[in-house]
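Thanks for coming. I have one structure to go through this morning, and I will keep it short.

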Amino acid sequence: DQWPELKPSTPMGQLPILEMDGTMLCQSNSIARYVAKIAGLAGKTPLDQARVDMVMDGMVDMGNKFAYEIYYEKDEDKKAEKKKDYVEKYVPQFFSSLNKLASDGGYFAGDELTLADISFYNLTTWVEGNLKQSLSVDEFHNLKKVMDNVTANPGIAKWLKERPETPY
């Protein structure tokens, strides 16, 4: 109801937005990176921060491939074929690359939880929910540890338990 009035006052005429101290930010990943810096989840060193950005950008690629090739596909036969290719070819290849980037301890950057780990968890579970099937992270030891580290974080565990049910 409020969107038509709010839209012209937003930086790019779209959501999401975050307003801090009178400054409005938009774009999901820009907001996430800003909050990660405040929360100490952006990576300790410039190289760690670059690794966080690298993984996040890779997750954008994974999400875009899912959205544009499967989610928005209207033809159910084409959708089924593209879904099969995504699950059986694209995801295992992409996860294999990501598994090499994650440490044995289950972190993409440094030795503690960062936005990269959370981003991987978030997009993987979102895609699984939309596909209505697992993406078999268990086959990738380091990625399984990333998932476990994210869900073991007390704040995230609490949110996952108490969050409202939404389609997203």
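Predicted model: local features only at pLDDT ≥ 70, side-chain atom pairs only at ≥ 80, totals over all residues.

The chain contains 7 helices and 2 strands. Read from the N terminus, the order is α-β-β-α-α-α-α-α-α. Along the principal axes, the C-alpha atoms fill a box of roughly 45 × 45 × 30 Å. Of the 168 residues, 31% are buried. Among contacts with a separation of 6 or more, 57% join residues 24 or more positions apart.

Now the helix packing. Two packed helices are described by the angle between their axes and the distance between the axes. I have two pairs to show, and α5 is in both.

Take α3 with α5. Their axes are 8 Å apart, at an angle of about 10°. Under 35 degrees counts as roughly parallel, so α3 and α5 are roughly parallel to each other. Their crossing is left-handed. On the α3 side, the contact is made by Val 52, Val 55, Met 56, Met 59, Met 62, Gly 63, Phe 66 and Tyr 71. On the α5 side, the residues include Leu 115, Ala 116, Phe 120, Leu 123, Trp 126 and Val 127. Which classes of residue make up the contact of α3 with α5? There are 14 nonpolar and 4 polar residues, and no charged ones.

The other pair is α4, residues 76-101, with α5, residues 115-131. Here the angle is about 165° and the axes are 13 Å apart. An angle over 145 degrees counts as roughly antiparallel, and therefore α4 is roughly antiparallel to α5. This crossing, too, is left-handed. Lys 83, Tyr 86, Val 87, Phe 95 and Leu 98 of α4 meet Phe 120, Thr 124, Val 127 and Leu 131 of α5. By class, that contact has 7 nonpolar residues, 1 polar and 1 charged.

Next, the core. The largest nonpolar core has 35 residues. Inside it, the residues with the most contacts are Met 62, Tyr 86, Phe 95, Phe 108, Phe 120 and Leu 143. The elements giving two or more residues to this core are α3, α4, α5 and α6. Some of these names have come up already: Met 62 is in the α3 contact with α5, and Tyr 86 and Phe 95 are in the α4 contact with α5. What does Met 62 touch, leaving out residues up to four places away in sequence? Its partners are Tyr 86, Tyr 90, Phe 94, Phe 95, Leu 123, Thr 124, Val 127 and Leu 135.

On to the backbone. Most residues other than glycine have a negative phi, and most peptide bonds are trans. There are exceptions to show here. The peptide bond from Leu 15 to Pro 16 is cis, with omega near 5°. Pro 16 sits in the loop between α1 and β1. Lys 132 is not a glycine, yet its phi is positive, near 60°. Ser 136 also has a positive phi, about 55°. Lys 132 is in the loop between α5 and α6, and Ser 136 is in that loop as well. Are they buried or exposed? Lys 132 is exposed, at 72% relative accessible area, while Ser 136 is partly exposed, at 31%.

Cys 26 is buried, with a relative accessible area of 9%.

Thr 114 is in the loop between α4 and α5, and it counts as buried because its relative accessibility is 2%, where the cut-off is under 20%. Beyond its neighbours within four places, Thr 114 contacts Leu 41, Gly 43, Val 52 and Ala 109. Gly 22, in the loop between β1 and β2, is exposed at 64%. Gly 22 and Gln 133 are 42 Å apart, C-alpha to C-alpha, and 111 residues apart in sequence.

Terms used:
Residues numbered from 1 in each chain as written. Heavy atoms only, no water. Axes fitted to C-alpha atoms, helices over the stretch in contact; angles between N-to-C directions. Helix = DSSP H or I, 4+ residues; strand = E, 2+ residues; numbered from the N terminus. Parallel < 35°, antiparallel > 145°, perpendicular 65-115°, else oblique. Left-handed = near helix turned anticlockwise from the far one by under 90°. Contact = heavy atoms within 4.5 Å. Nonpolar A, V, L, I, M, F, W, Y, C, P; charged D, E, K, R; others polar. Core = buried A, V, L, I, M, F, W, Y, C linked by side-chain atoms within 4.5 Å. Buried < 20%, exposed > 50% of the residue type's maximum accessible area, 1.4 Å probe, protein only.
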